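Please look at the sequence and structure below before reading on.

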Amino acid sequence: MRHDGRPHDYDGHSYHFCSAGCRSKFAADPDKYLGEKLPAEAMPEGTKYTCPMHPEVITDDPDALCPKCGMALDPMGIPAVKEGPNKELVDFSRRFWGGLILTLPVIILEMGGIYIPGYGSTLIPGFHGFISERLSETLQFLLSTPVIFWAAAPLFVRGWNSIRTMNFNMWTLISIGTGIAYTYSLVGFFAPESFPDLVKTDSGLVPVYFEAASVIIVLVLLGQVMELRAREKTGGAIRALLDLAPKFAIRVYDDGSDEEVPVDQIVAGDKVRVRPGEKIPVDGLIVEGHSIIDESMLTGESVPVEKLVDDKVTGGTLNGTGSFIMQTEKVGADTVLSQIVAMVAEAQRSRAPIQKYADMIAGWFVPVILSIAVITFIVWFYFGPEPALANGIISAVAVLIIACPCAVGLATPMSIMVSTGRGATSGVLIKNAEALELFAKVDVLIVDKTGTLTVGKPVLTDIIPFNGFADQEILSMAASLERGSEHPLAAAIVGAAKEQKVEFLQTDDFKAITGKGVEAVIKGKPVALGNNAMMDFLGLSTDDSNHQANNMRAEGKTVMFFAIGGKLAGLIAVADPIKETTNEALDALHKEGLRIIMATGDNATTAQAVANQLNIDEFRADALPEAKAELVRELQSQGLKVAMAGDGVNDAPALALAEVGLAMGTGADVAMESAGITLIGGDLTGIVRARRLSEVTMRNIKQNLFLSFIYNGVGVPIAAGVLFPVFGILLSPIVAAAAMSLSSLSVVSNALRLRITKI
């Protein structure tokens with residue numbers, strides 16, 4: 001064995017190799033061969049960070065928060081590797097579970113010690129026979145304080161930033177509401193003598209609201225954990241695309257020798273050998289040999305394409321059974337696959353999620369509530385009866401507690417949580433709330449053809465016999481001829497023969513005629529299957545059958561000629577059948593008011609045939625990934641909301657760019673990563689269900705927001721004391737808290753109705 005004298009230094013050690021090839025492999029990924037994996041480094045120096053809600057916010061600081069909404073920032077660019085668990089998700093998960101463990105006993109204690117002023121009894125009689133009211137409040141204080149000062153710390157930071165920058169949002173409501181509830185309880189616990197007897201229990205203690213503050217924090221943290229889990233998956237689509245490219249290539253030298261090297265060492269102009277079954281490493285031109293290439297990752301079409309000398313091949317596509325040498329033309333960031341990756345990354349960053357209803361309302365709600373609380377205190381202090389100061393504080397606190405954002409915060413996420421569960425039981429997986437919200441507003445639906453409208457697997461559709469030959473005879477001989485082929489068209493013929501249980505015959509002298517077809521000898525007779533060029537090669541005229549062949553091609557079928565014993569025996573047609581549910585689904589989507597456009601990498605003849613058969617409004621043929629993405633941009637520039645449905649890698653850029661991406665669950669993982677909604681069943685009836693689910697969910701959210709704010713509309717004036725001059729009624733913070741709880745209960749109950757809603 002020859003020793004390669006050039007060592008490779010890594011991690012403070014020098015390593016020697018038997019050949020240059022082994023050295024190159026080790027240099028590309030040392031950890032793979034050393035059997036250990038070093039911790040992944042942080043993002044490269046110079047990486048920019050942006051807000052997923054406000055892409056115009058860009059900074060160099062990875063720890064910064066968005067000044068507009070308070071969210072943590074995401075790295076821009078294309079992640080080459082998975083950087084490990086999301087630090088924010090780990091932190092929020094830890095705070096949620098810690099807060100939940102501390103809050104559960106607080107809830108139990110509060111349930112057993114709620115006093116109704118003036119009646120001196122508890123809602124759960126007998127509880128304080130085991131534990132005193134004072135001890136209950138003490139335990140609540142001890143348990144809830146870590147929730148406020150530790151678990152809720154990031155929420156209060158975001159709330160303070162929202163106030164400091166005057167960008168009011170949900171963090172403003174959450175921090176003020178929980179802060180007031182906790183502070184009020186703190187003062188009431190340590191200084192009950194500063195409160196009037198109106199709010200005290202028979203024991204002379206002030207009821208506390210540690211439980212309300214803690215529960216709100218835990219619910220908010222739960223929502224954040226769920227949102228962060230969804231956001232963490234956005235980089236999965238890019239990583240899945242990057243995984244399509246092989247890591248090594250076989251470089252061929254001028255003397256005929258070859259060497260396996262890392263792909264990133266390949267430069268334009270190099271010659272590369274591609275063996276059967278391998279992925280093509282980079283873009284280039286075939287200079288020697290031929291093969292059949294599966295380009296479904298690029299075009300989405302299930303039928304592989306024959307490639308000869310001087311034909312272009314694309315990196316990431318899958319070579320068939322042939323072997324060839326290619327000359328590289330585009331490498332690195334210039335390859336088609338790299339450009340698709342860049343398009344997906346850009347589309348993910350440019351698609352800003354819809355602003356939540358609660359955040360929009362909070363822009364005016366927060367200052368209005370604060371103003372009302374301040375005015376309430378001033379009016380009571382200067383014009384109210386004695387004790388004016390105490391009554392002013394109580395009324396102001398009641399205003400803030402009754403306006404606590406618990407119901408507002410629950411209004412949207414509760415509907416989303418219930419509807420996503422409802423969707424999952426109906427074969428509709430919702431990846432993020434934004435997709436569900438936006439789908440109700442979509443005007444145009446773009447659909448891929450292969451695998452979305454069609455089954456994605458060719459089948460035999462027609463055998464047209466000529467010159468006295470029979471169907472079964474043609475099928476038997478054609479299947480025998482194609483039995484050893486891996487081509488999908490051959491598989492369709494062989495599959496039909498097996499299904500019809502026809503006899504497979506002995507085949508001799510098999511030959512493949514490049515670019516034309518195949519021939520062999522069966523039962524002593526020459527047989528051949530192929531295109532018009534194959535028949536010309538055999539000296540057989542197809543003039544009398546071309547009309548029938550063209551008619552079948554107009555129906556979207558692939559037509560082959562079959563010859564037996566020097567005679568044209570018949571036509572064999574293969575097609576990708578329309579899914580059984582497609583027609584019904586498209587009719588339902590049309591009734592929903594959607595304009596439907598089919599975008600396919602197939603030719604115009606096939607596309608026209610499918611569009612006519614399915615009554616599709618428009619179609620775009622020969623559409624490569626960039627063309628599909630450009631179609632989305634074109635429609636969006638007209639002010640339309642666009643949904644894209646597809647199942648292949650070629651659909652990923654358009655899926656990410658559209659307002660709503662819908663992936664077939666039977667398709668590529670990259671498509672599902674790029675889409676906001678995945679249809680488990682893989683057919684368009686799932687889109688109909690997703691559309692209806694989106695509509696009922698948005699209606700439910702609006703109802704929840706109405707319910708959450710109607711309590712404020714009625715309760716805030718009463719809490720401020722408008723009934724006191726006439727009826728002598730002053731709303732206690734206890735009643736305010738009950739109203740707040742009732743509003744939350746109403747929102748939750750209304751959201752739960754989605755579980756039984758028909759979609």
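Strands pair if DSSP finds at least two bridges between them. Helices (H or I, at least four residues) and strands (E, at least two) are DSSP runs numbered from the N terminus. Opposite Pro-75 in E5 stands Tyr-49. This is a predicted model, in which local features need pLDDT of at least 70 and side-chain atom pairs count only at pLDDT 80 or more, while totals for chains, interfaces and linings use all residues. Residues are numbered from 1 along each chain as its sequence is written, and side-chain values use heavy atoms, with hydrogens and water left out.

E3 belongs to an open sheet of three strands in the order E4-E3-E5, with antiparallel pairing. Strand E4 (58-59) and strand E5 (74-75) are at the edges with a single partner strand each, so one side of each has no neighbour in the sheet.

## Helix H5

Helix H5 (residues 153-164) has twelve residues, which at 1.5 Å a residue should span 16 Å; the end C-alpha atoms are 16 Å apart, in agreement. The expected span is 1.5 Å times one less than the number of residues.

Which residues of H5 are buried? They are Pro-154, Leu-155, Arg-158, Gly-159, Asn-161 and Ser-162. Seen down the axis of H5, these buried residues fall within an arc of 160°, so they line one face of the helix. The arc is taken from the directions from the helix axis to the C-beta atoms. Trp-160 and Arg-164 are exposed residues on the face turned away from the buried side. Buried means under 20% relative accessible area, exposed over 50%, and partly exposed in between (1.4 Å probe, protein chains only).

## A nonpolar surface patch

Val-374, Ile-375, Ile-378, Val-379, Phe-381, Tyr-382 and Phe-383 form a nonpolar patch on the surface, with about 750 Å² of accessible area together. Patch residues have over 30% relative accessible area and no salt bridge; like charges are joined within 9 Å and nonpolar side chains (Val, Leu, Ile, Met, Phe, Trp, Tyr) within 5 Å. A salt bridge is a side-chain nitrogen of Lys or Arg within 4 Å of a carboxyl oxygen of Asp or Glu. Accessible areas come from the Shrake-Rupley method with a 1.4 Å probe, and for residues only the protein chains shown count as cover.

Ile-378 lies in helix H11 (residues 357-383) and is partly exposed, at 39% relative accessibility.

## Positive phi angles

Most residues other than glycine have a negative phi. Asp-509, in strand E18 (residues 508-513), has a positive phi near 55° and is exposed, with a relative accessible area of 57%.
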